[in-house]
Structures are given as C-alpha cells and as structure tokens.
Amino acid sequence: MRTLDEAAWTDLVRATGLDVTTAPLRPLGDHTTGADHPEPALVEAAALALGRADVGITLMSGAGDRGVLAQLGSDRQTMGAAVRAVVPGDAGPLPVPGVRLGAHPSSGLVDQVMRLVPPGGEERGLPRAPVALDQETALVIARTATGDLDVALAAARRAGLDDVPPVLQALARGTSASVTMTVSTSAQPLHAVRQWLLTDQGWVSLTVRGSRVVHTACSRAELAAATTSMVAGAWDAALAAQGRAS
C-alpha cells in the first residue's frame, strides 16, 4: 500500500477520467501537485477502486471513535484498494486528508476486506437463531447502548416475542465496533448490503429482508464466510451480465 497526501490522490483521481462526484473516496477540496503523468500502476489501482471494476466494495468500519472508509474494486486479475481514515466530527464521521492505495491480485479481495474489519469477535458466544425486527425497531437497537435490558425488552415486545432473545440482549448492552459493506457490480450499482456490530458475545449480522431486519449472531470466521459468499454472488452476476452483453 502506498500512502498519498491529498494532492497526490487528487492527481490520480483526475488521471482516471472517472466522475467521482458522489464517490465515498472523492478528493477533499481541490488540492493538486500539478503532476501531468502520475504513475500508471497507481492510476489503474485508483480506477479499479473508484468504480472501473467488475466487482466493487465500499466499506465503512470502525472501533470506538476511529475508523476507515474504503473502496475496493476488482477485475478478473487485479484489485485496487483505497483507504481513508475517519475521525469523529460534529455532524458524523469526518474524513482525514490522505489516502492509502494499493494494487493486489484479484484473488485477495476478501482478505483485503478482512484486514479492514476491526479485531475481536473471534468466537461466537450466542446461538445463531435469527431474530427479525421491523426496520424502525432495529435502528433503535443498533444505535442505543443502554447497559440494561429496557431497550431490548421493548423491542422484543414490539416484535411479539415473549422473551428477549440473547442476540438482542447483547446488542442492548452495547457495541464496540461496526462494519457496513456494500457490494456492487459493473451491471448493478447496488448488489448487496450487510452490516455487522461487535458485541461482548461476538459479531451480530444485520440483513434487510423486505421491511424487516434479521439479526444473526456470528463469529469473525462466519463474517468472513458471509463476505466470501457476497463477493462470489457479485462475481456470478457480473460475469453473467458480461456474457449477455457479448
């Protein structure tokens, strides 16, 4: 991975020729070094990360009040990964100037993603039995750390449950890290979205199904397996779309 200041990153992004107006890792401001010919390998890595790829991943992960925002993109041979640090701001996460950029074999896409997942949750201390809540209730659970079961009890009652499932108890006690992943393909800007929250009993996966959010306890290895499945599904969709277009 190469560490670039904001001016060098701006030069690379401009050299890709991509419209990055809405890209998560678009340059901050209008800094530039004035370089006319950035290193071609870095330009290609930036182009893959920012959208010129068969399969792309946008990842927001953090532990405590620090985190990273990353974009990764892969064709059949090469993957580009761009990572920016984020810190707390008055209106939410604040991007830090400067980007780390690297090129890797496409086979390492999931490994690169997992390197950006905060440590912890190696073991799953909860049963895997999924618990589905309506989206509004799930949002309250995800954002509230009360240290007691009041929030979890209210959510369980609203869902028509007699008891508070262990996964809701763990979420109500608080979370220490989070990961939000969006997977896209060249044919589908939004292929799949998944969020994970780290509790004192391991990771909890949040998956939207219709108007409900399904909460499922998982270990770090199970998180990696779910990521692999998402990426494999995206590759299937991307290659199928290419086959139809040829």
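This is a predicted model: local features need pLDDT of at least 70, side-chain atom pairs count only at pLDDT 80 or more; totals for chains, interfaces and linings use all residues.
## Terms and model

We can start with helix H1 (6-16). Eight of the eleven residues of H1 are buried, so this helix is largely enclosed by the rest of the structure. The buried set is Glu 6, Ala 7, Trp 9, Thr 10, Asp 11, Leu 12, Val 13 and Thr 16. Their cover includes S1, H2, S4 and S6. After H1 comes Gly 17, with a positive phi near 75°.

Helix H2 (residues 40-50) is mostly covered too, with eight of its eleven residues buried. These are Leu 42, Val 43, Ala 45, Ala 46, Ala 47, Leu 48, Ala 49 and Leu 50. Among the elements that cover them are strand S1 (2-4), helix H1, strand S3 (66-74), strand S4 (78-89) and strand S6 (99-105). Here as well a glycine follows the helix: Gly 51 has a positive phi, near 145°.

## A closer look at Thr 16

Thr 16 belongs to helix H1. Is Thr 16 buried or exposed? Its relative accessibility is 5%, and because buried means under 20%, Thr 16 counts as buried.

Beyond its neighbours within four places in sequence, Thr 16 is in contact with Val 43, Ala 46, Ala 47 and Arg 52.

## The nonpolar cores

The largest nonpolar core holds 30 residues, and those that touch the most other members are Ile 57, Leu 59, Leu 72, Met 181, Trp 196 and Trp 203. Two or more residues each come from strand S2 (55-63), S3, S4, helix H3 (109-115), strand S8 (177-185), strand S9 (192-199) and helix H7 (220-245). H7 gives the largest share, eight residues.

Trp 196 deserves a look of its own. Leaving out residues up to four places away in sequence, Trp 196 touches Ala 177, Ser 178, Val 179, Met 181, Trp 203, Val 204, Ser 205, Cys 218, Leu 223, Ala 226, Thr 227 and Met 230. There is also a second, separate core of 20 residues, which includes Leu 133, Leu 168, Ala 170 and Leu 197.

The largest pocket has a volume of about 810 Å³. Its lining has 36 residues, with Ala 142, Ser 178, Thr 180, Gln 195 and Leu 197 nearest the centre. S2, S3, S4, helix H4 (135-143), S8, S9 and strand S10 (202-209) each supply at least two lining residues, and H4 has the largest share, seven. By type, the lining divides into 19 nonpolar, twelve polar and five charged residues.

The second largest pocket contains about 340 Å³ of space. Of the 22 residues lining this pocket, Leu 50, Gly 51, Thr 58, Gln 71 and Ser 184 are the closest to its centre. H2, S2, S3 and S8 each supply at least two residues of this lining, and the largest share, four residues, comes from S2. Which types of residue make up the lining of the second largest pocket? The lining divides into twelve nonpolar, nine polar and one charged.

How values were computed
Residues are numbered from 1 along each chain as its sequence is written. Side-chain values use heavy atoms; hydrogens and water are left out. Buried means under 20% relative accessible area, exposed over 50%, partly exposed in between (1.4 Å probe, protein chains only). Contact means heavy atoms within 4.5 Å. A nonpolar core is a set of buried Ala, Val, Leu, Ile, Met, Phe, Trp, Tyr and Cys residues joined through side-chain atoms within 4.5 Å. On a 1 Å grid over the protein atoms alone, a cavity is a set of points where a 1.4 Å probe fits but cannot get out, and a pocket is an open set with protein on both sides within 12 Å along at least five of seven lines; lining residues have an atom within 4 Å of a point. Grid points are joined across faces, edges and corners, and a volume is the space filled by probe spheres set on the points. Ala, Val, Leu, Ile, Met, Phe, Trp, Tyr, Cys and Pro count as nonpolar, Asp, Glu, Lys and Arg as charged, and the others, Gly among them, as polar.
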